[in-house]
Amino acid sequence: MTQGNHSTVNEFILIGLTKKPELQLPLFLFFIGVYMFTVVGNLGMILLIGLSSHLHTPMYYFLSSLSFIDLCQSTVIIPKMLVNFVMQKNTISYPECMTQLYFFLVFVISECHMLGAMAYDRYVAICSPLLYNVTMSYQACSLLLAGVYSMGLIGATAHTVCMLRVLFCKVDEINHYFCDLFPLLELSCSSTFVNEVVVLCFSAFNILLPTLTTLSSYTFIIASILRIRSTEGRAKAFSTCSSHISAVALFYGSTAFMYLQPSSVSSMDQGKVSSVFYTIIVPMLNPVIYSLRNKDVKLALNKFLEKRSVL
């Protein structure tokens with residue numbers, strides 16, 4: 001970085017969720033509980049799907065990958081945030097900040113496209129059940145999964161490379177609980193026009209494309225469900241989609257609120273609340289949503305617990 005009016009920033013200070021000291025301990029206890037629940041829930045989902053042979057289907061193949069993404073995303077964010085609650089001055093070095101930003105973007109973008117892939121899977125299962133095994137073959141699922149992670153890697157690389165070109169002033173306090181795009185851009189001494197254009201374009205693509213995929217898939221799904229004559233058949237078809245709809249609404253709603261608006265319009269306090277939903281709350285709730293409202297998962301869990309009790 002150049003000298004003079006600019007200075008080389010070696011580390012940043014994370015402000016965190018709040019500056020009120022009386023809230024630090026309650027928030028620490030709350031979020032450490034959330035993190036433990038997230039780890040147990042998502043790791044348990046991955047192990048349950050891997051150990052249950054009747055769950056070795058494309059739907060649960062994607063669900064296992066979603067749990068892996070949620071687990072990694074939470075691990076990138078929450079441990080460092082917890083440090084902020086017990087330290088008077090929570091610092092993060094420049095390389096650590098860029099690394100956290102990169103991996104956070106990899107997993108959050110991957111989750112956007114993973115939810116779209118899961119919607120397409122449900123579309124094929126309900127609208128073309130006779131062709132499901134052919135359309136959603138192991139090779140097709142592997143290609144979809146490779147595409148999901150490729151989108152995450154490409155998007156994260158583009159954002160991080162642009163961020164590495166930004167010059168930072170002496171003000172090194174990030175008004176957030178982790179290194180995110182907009183809070184970092186607020187500290188810039190150089191022009192952030194290119195960064196904001198990249199953020200808007202990639203965010204629109206990574207949110208709107210999966211959203212359109214999901215909406216079009218469920219438009220055809222609802223049309224197919226309405227053509228089913230029996231009430232029992234309609235209920236069964238809808239039950240396979242209700243969990244996914246809940247997860248999609250929570251995740252896309254909070255990410256769209258955060259990223260699909262100019263930085264001048266959104267405030268960092270609003271951004272923190274929105275970020276808590278899709279970085280912490282959604283990864284915690286996904287295993288609950290997909291297990292409590294899914295008969296196959298509950299059956300697999302009961303069988304697993306029965307085997308453990310016999311042993």
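Residues are numbered from 1 along each chain as its sequence is written, and side-chain values use heavy atoms, with hydrogens and water left out. In this predicted model, local features need pLDDT of at least 70 and side-chain atom pairs count only at pLDDT 80 or more, while totals for chains, interfaces and linings use all residues.

Trainee: How far apart are the end C-alpha atoms of helix 3?

Mentor: Helices are DSSP runs of H or I with at least four residues, strands are runs of E with at least two, and both are numbered from the N terminus. Helix 3 covers residues 94-127, which is 34 residues. The expected span is 1.5 Å times one less than the number of residues. That gives 50 Å, and the distance in the model agrees: 50 Å.

Trainee: How many of the 34 residues of helix 3 are buried?

Mentor: Buried means under 20% relative accessible area, exposed means over 50%, and partly exposed lies in between (1.4 Å probe, protein chains only). Helix 3 is largely enclosed by the rest of the structure, because the buried residues number 25.

Trainee: Is valine 9 buried or exposed?

Mentor: Valine 9 sits in the segment before strand 1 (11-14). Its C-alpha atom is 6.9 Å from that of tyrosine 94, 85 residues away along the chain. Its relative accessibility is 7%, so valine 9 counts as buried.

Trainee: How do phenylalanine 30 and phenylalanine 31 pair, and which class of pair is it?

Mentor: Rings of Phe, Tyr and Trp (its six-membered ring) pair if their centres lie within 6.5 Å; planes under 30 degrees apart are stacked, over 60 edge-to-face, and the rest tilted. The structure holds 14 aromatic pairs. In this one the centres are 5.0 Å apart and the planes stand at 75°, so the class is edge-to-face.

Trainee: Which class do tyrosine 123 and phenylalanine 220 form?

Mentor: This pair links distant parts of the chain, with tyrosine 123 in helix 3 and phenylalanine 220 in helix 7 (residues 193-226), 97 residues apart. The ring centres are 5.8 Å apart and the planes are at 55°, so the pair is tilted.

Trainee: Which helix supplies the largest share of the lining of the second largest pocket?

Mentor: On a 1 Å grid over the protein atoms alone, a pocket is an open set of points with protein on both sides within 12 Å along at least five of seven lines; a cavity is a set where a 1.4 Å probe fits but cannot get out; lining residues have an atom within 4 Å of a point. This pocket is lined by 17 residues. Helix 1 (24-51), helix 9 (268-292) and helix 10 (295-310) each supply at least two. The largest share, nine residues, comes from helix 1.
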